[in-house]
Amino acid sequence: MSTKLFGEPVQRREDPRLLTGQGRYLDDLGAGAFEVAFVRSPHAHARIRDIDVSDALEVEGLVAIYTWEDLPTLLAQPLPLLIPHPALTHGRTAHALARDVVRHVGEPVVMVVARDRYLAEDACALIRVDYELLKPVVGVEEAAQSAQLVHEDVPGNVGAHLVQEVPSAGGFGAREAIEAAPHTLAFRLDIERSASMPLEGRGVYARWDADDRSLRVYSSTQTSTSVRMAIAAKLGLPLPKVEVIAPDVGGGFGVKIVHPWPEEVLVPWAAIVLGHEVKWTEDRREHFISSAHERAQVQFVRVGFDDDGRVLGLDVNILHDHGAYTPYGIIVPIITSTQLLGPYKIGAYRVEFSSIYTNTVQVTPYRGAGRPQGVFCMERTMDHIAEYLEADRTAVREANFIQPGEFPYDQGLIFQDGRPLIYDSGDYPESLRLLKELIGWDGFPDLKARAAAQGRRIGIGIGCYVEGTGVGPYEGGHVQITSDGRVHVSTGLTSQGQGHETVFAQIAATELGVPLERVSVVTGDTRRFGYAVGTFASRAAVMSGNAIALACRKVRDKALRIAAEALEADPRDLEIVDGEVKVVGAPGASISLATVAVLSNPLRYAFDSETARATQFAGTSSFDRPPVEAGDEPGLEGRDYYSPIRSTFASGMHAAIVETDPLTAEIHILRYAVVHDCGNLINPMIVEGQIHGGVAQGVGGALYERMVYDGHGQLLNASFMDFLMPYATEIPHIETAHLETPSPLNPLGIKGAGEAGVIPGSAVIASAVEDAEGIRIDKMPISPSELFDLRRASS
Ligand code: MCN
């Protein structure tokens, strides 16, 4: 490698386009398309008796109205359950349009197509749906005990129940170990519902080509290839006749992984039936009541420990609120329960979860995907042990850390895919050392005493986590060098703002020895790359990054072979610098990659993209070339896939100093420090950006964001007026330090970074507020009025 761009803080190349309003998002497309609006259920639980559309049919500009009864057979069946699991004994998914029963406010019932959205909304307002009201079940504990059922055939509202038990080295179960421990504690934790709030909501736009009988769909999705497969399957089309393209996507944060959303199959179907372009763009209220939420857990914890704070037994029972449906299986509670142990090795562990249906919006992964809940549990446990023992909170953590020499470390747990959960690398004691230095942990007691002398309350908190990133099964990369010396990289997964255009170009430029400007990157377009899994679980860097590197290595080998022939040299004596293949130690003996690309094709045409002229190379005739040799292919291009044996484990530790107002109980974050380890950094600036964004969401989850349902299943704060998110003014300056323990599992030695910032947010802020106030904080988020009430209750 001669052009070393891997590891450099290269400016994001997509930013000038995105920051100057030149991004092309879903709603920028399809001017002239018919537009869709939905009649959605106003009730949390009801049986549909009748739908009367007669008045709506009079609306001028109306094109069509569809209910479940109008849908063809495949589309009328329930939407797919994407990730089955043996413990999910009662998985349930919605119909694209409600069939007979609605199970949450916002469920789509009628689809209206009109000349524009305004007319479609007018028609919706005239549709009368006659509902027989059923009693809604709201609140996970209520649902777990209620005789009222969300799905008539799901007893006790229990969709799934799973127990995992890891005995101690001496063969004791967690409960026995706790009984035998010198000290025990038991407590309950609550984490409320929140949700992904991308600036751009979901959306889909479809064009049907009647002559070619092919469909082109644009979707604001995190998984264009899966949307494509789902559309082909649901509409009965051959896969090659469906293209799905993710244009610029204005954030996803997990909610756009689910596929197909009802709208993603209904809109293309309508485009085919109507023979006209059709589009739907989600509005903010729809996003609140019709997409997906997360977090939403109650945890019951029992822990036994020794005099040094070493955990001898941990028993956690989780009630997970799944909302009305389980399109994404039970991945969220599985992640919570298996990654809860974080950087610690503990004596014996028992975890049990029940996944409970309620008449609320379905729960699917939101950035962090179950980990913030698990980290909240483990880190509260560490703090409570320290409080009990009157020990330093970091000392208790240190006493439990997995040591650097103990990797690979098997936690003894089984992940969703049925494989053991094994950490690949890390250095937790060093992370803690760096964090304590960065935040000034040891000097804090003095600071706190000085503040107290001035009547101020300040507190310091800490949170540690590990994150399984880069899950499989695979991702691919395609690399082509054209005769103008340009490098075209494509990968099938999509981008929602993570900077993939930049980092994938850095990888290709480094591997191929070409300047960054010559590399272009395409993601999320099934025309360019048909097989992919998608962008979620902080997997793009590990999965597509390595696949692109492997594809580049294939192309590089071929380039060196062709160049060696042309230069009459040994390929081992060649290097590529700035797009020129050179003989090491022989100045002047070189050939450009552009020329190598021409030589790679027996037809030997050169195309100059600057002048847009094609020229025949070196005066040769096109047709007197030798045949392509067996095993070879024309062109300087290559494709490869990366498929890991298991996830790689990133890790990190955050600390915050907060100040609480003695009078108003307002909580201000004075400082926030992050030590993060995602293996080798491709682009430290982008990773920092990812961490900053994540921390902002973590602060939101700790202090502001919650979905408030009333007993009737109505979401009371379904707008940005009422659902609070932190502004930039609420986000402190974030101090970051990186530790790089390379992953031994993949060629580039990288681990993921995209969710890290958000994961310990609630744990860190709870820890710091508790320290400032001397009051237990076991429920998140926490508002000033709740802190105020806690003060009163404890005084
Ligand atoms: N990176 C790096 N070096 C590493 C690891 C990562 O330079 N060792 C870079 C990557 O190349 C990539 C970024 O950091 O540019 C994040 O990489 P990765 O951890 O692989 O995460 P993904 O690219 O797969 O993104 C998904 C992740 C998730 S799961 C959510 S949710 C999330 C997030 O990314 N949603 C986001 N970050 C987001 N950022 C924006 N702007 N919008 C979203 O919707």
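The model before you is predicted: local features need pLDDT of at least 70, side-chain atom pairs count only at pLDDT 80 or more, and totals for chains, interfaces and linings use all residues. Residues are numbered from 1 along each chain as its sequence is written, and side-chain values use heavy atoms, with hydrogens and water left out.

Let me begin with the ligand. A polar backbone atom of Phe253 is 3.0 Å from a ligand oxygen atom. A backbone N or O atom of Ala540 lies 2.8 Å from an oxygen atom of the ligand, and one of Gly497 lies 3.2 Å from a ligand nitrogen atom. Of the ligand's own 840 Å² of accessible area (Shrake-Rupley method, 1.4 Å probe), the protein covers 96%.

Which element gives the most to the shell around the ligand? Helix 17 does, with 3 residues; helices here are DSSP runs of H or I with at least four residues, and strands are runs of E with at least two, numbered from the N terminus.

I turn now to strand 9, residues 203-209, where 5 of the 7 residues are buried, meaning under 20% relative accessible area (1.4 Å probe, protein chains only). Strand 9 runs antiparallel to strand 10, joined by 6 bridges, and the two form a hairpin with 4 residues between them. In that turn, Arg213 has a positive phi of about 50°. Ala206 has Val217 as its bridge partner in strand 10 and Val278 in strand 12.

Terms used: A polar contact is a pair of N or O atoms within 3.5 Å; within protein, one must be able to donate a hydrogen and the other to accept it, and residues adjacent in sequence count only if both atoms are side-chain atoms. Buried means under 20% relative accessible area, exposed over 50%, partly exposed in between (1.4 Å probe, protein chains only). Two strands pair if DSSP finds at least two bridges between them.
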